[in-house]
Amino acid sequence: MKIGLLVNRPAEVHALQTTALLGAAALRRGHGLAVFGVADLTVSPDEALLARALSVAPDAAASEARLVDALAAGTPATVDLQGLDLVLVRTSPGRDTARQALHDTALDILRLADRRGVAVLNTPDGLARAATKLFTVELPADTRPRTLVSARPAELLAFVAAAPGPVVLKPLVGTQGRDVFRVEPAGDPNLAQIVEVLLRSGYAVAQDYLPEAPDGDVRVMVLGGAPLRVGGHVAAVRRAPAPGAFRSNVALGGKAHPARPTAAMLDAATRIGAILLREGIELAGLDFIGDRVVEANVFSPGGLHDAEAFFGVDYSAAIWEHLEQRVAS
């Protein structure tokens, strides 16, 4: 197959990302890659859908490092999206908020490609539906914490005041644990200022703080509506917060450890996976604290490097086997 890979910017792809892991696996399976960013798409006067892309030929010995080197050495050329068999979306809008309009328009253009017969995964419509933390509100109540989404300071403050314990406040749109605060219902002298800061970027989310949070979170990868499992091992990683911190994001000093999801986690992941699949989300990462999902990562879920290293399992090959079958059907 000829596979398009949409990223924020090709120059930002690095060898430790799951995106590079998946790209290298595709090359080893005999697929060619065309890698392009959200600012590299064009709709021509004759309505052709084009991308200024860096192309990488199939390579049986491909590695993440070789892929990154090939991108750095490559020269962009125009590619017709309708000549691709699949476009895999691996963007992170939350890390690129200054260019949100580019991300939105890139999905609109890929929506046109999808309508013309190009497989786009995850689907633009599904990504648009699940793009923010608001999506978790639509999940079964027993699979998530009690949640408020609001742009009204008084409502957020009232939620905190009435909560049975600590509360987590965070922006509706965000990534890597940025601007996430843990506050006490008894009152924080900076609470009003925290709410004010969060609301500068739009809506904010308030959730009950879960007692298992000090142990970190567990990311469970979901593929095709079910937990990703190979050889009896579920692709899951526990991220433990750094000493003295409550956020477990690796970008903020958290450490990755092997994880074996509980039966309750797997049940929730299966039920939520079915919802995601109906929305056109084939691949996602569900973040659990205890047995509750606190976030669904649908654009470019990471953690596969660690999962493969911990369990000695080639999850990326299993993902491509699924995507190949998905495109063929």
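A nonpolar core is taken here as a set of buried Ala, Val, Leu, Ile, Met, Phe, Trp, Tyr and Cys residues joined through side-chain atoms within 4.5 Å, where buried means under 20% relative accessible area, exposed means over 50%, and partly exposed covers what lies in between (1.4 Å probe, protein chains only). The model is predicted, so that local features need pLDDT of at least 70 and side-chain atom pairs count only at pLDDT 80 or more, while totals for chains, interfaces and linings use all residues. Residues are numbered from 1 along each chain as its sequence is written, and side-chain values use heavy atoms, with hydrogens and water left out.

**Nonpolar cores**

The largest nonpolar core comprises 45 residues, and those with the most contacts inside it are Phe36, Leu81 and Phe288. Helices (H or I, at least four residues) and strands (E, at least two) are DSSP runs numbered from the N terminus; those giving two or more residues to this core include β2 (32-37), β4 (49-56), α3 (100-115) and β18 (283-289). The greatest contribution to this core, seven residues, is that of α7. With contact defined as heavy atoms within 4.5 Å, and with residues up to four places away in sequence not counted, Phe36 touches a set of residues including Leu5, Val7, Leu41, Ala53, Leu81 and Val87. Apart from this core lies another, of 37 residues, among them Leu21, Leu86, Leu88 and Tyr315.

**Helix α8**

In helix α8 (residues 304-311), the buried residues are Leu304, Ala307, Glu308 and Phe311. Seen down the axis of α8, these buried residues fall within an arc of 95°, so they line one face of the helix; the arc is that of the directions from the helix axis to the C-beta atoms. An α-helix has 3.6 residues a turn, so residues three or four places apart point the same way. The elements against which the buried residues of α8 pack are α1 (18-28), β12, β15 (233-234), β16 (236-240), β17 (255-258) and α9 (315-328). After α8 comes Gly312, with a positive phi near 65°.

**A buried lysine**

Lys170 belongs to strand β9 (residues 167-171). Which side chain of opposite charge is nearest to Lys170? It is that of Glu295, 4.8 Å away, and Lys170 is buried yet has no salt bridge; Lys and Arg count as positive and Asp and Glu as negative, whereas His and the chain ends are not counted, and a salt bridge requires a side-chain nitrogen of Lys or Arg within 4 Å of a carboxyl oxygen of Asp or Glu. The side chains of Lys170 and Gln207 are, however, joined by a polar contact of 3.1 Å, that is, a pair of N or O atoms within 3.5 Å, of which, within protein, one must be able to donate a hydrogen and the other to accept it, with residues adjacent in sequence counting only if both atoms are side-chain atoms. Leaving aside neighbours within four places in sequence, the contacts of Lys170 include Lys133, Asp179, Leu198 and Val294.

**Salt bridges**

The structure holds 19 salt bridges, and the table lists some of them.

| Pair | Closest N to O distance |
|---|---|
| Arg9 and Glu12 | 2.9 Å |

Asp217 lies in strand β12 and Arg239 in strand β16, so the pair ties together parts that are 22 residues apart in sequence. Asp217 is buried at 7% relative accessibility, and Arg239 is likewise buried at 12%. Arg9 is partly exposed, with a relative accessible area of 35%, and Glu12 is partly exposed at 38%. Arg9 and Glu12 are also linked with Asp96 and Arg99 in a network of salt bridges.

**Loops and backbone geometry**

Asp40, in the loop between β2 and β3 (41-43), is partly exposed, with a relative accessible area of 23%. The side chain of Asp40 reaches the backbone nitrogen of Gly37 at 2.7 Å, and, residues up to four places away in sequence not being counted, Asp40 touches Pro10, Leu50, Ala51 and Arg52.

Most residues other than glycine have a negative phi, and most peptide bonds are trans. Glu47, however, has a positive phi near 70°; this residue is found in the loop between β3 and β4 and counts as exposed at 54% relative accessibility. A cis peptide bond, with omega about -10°, joins Leu121 and Asn122, and Asn122 is placed in the loop between β7 (119-121) and α4 (124-129).
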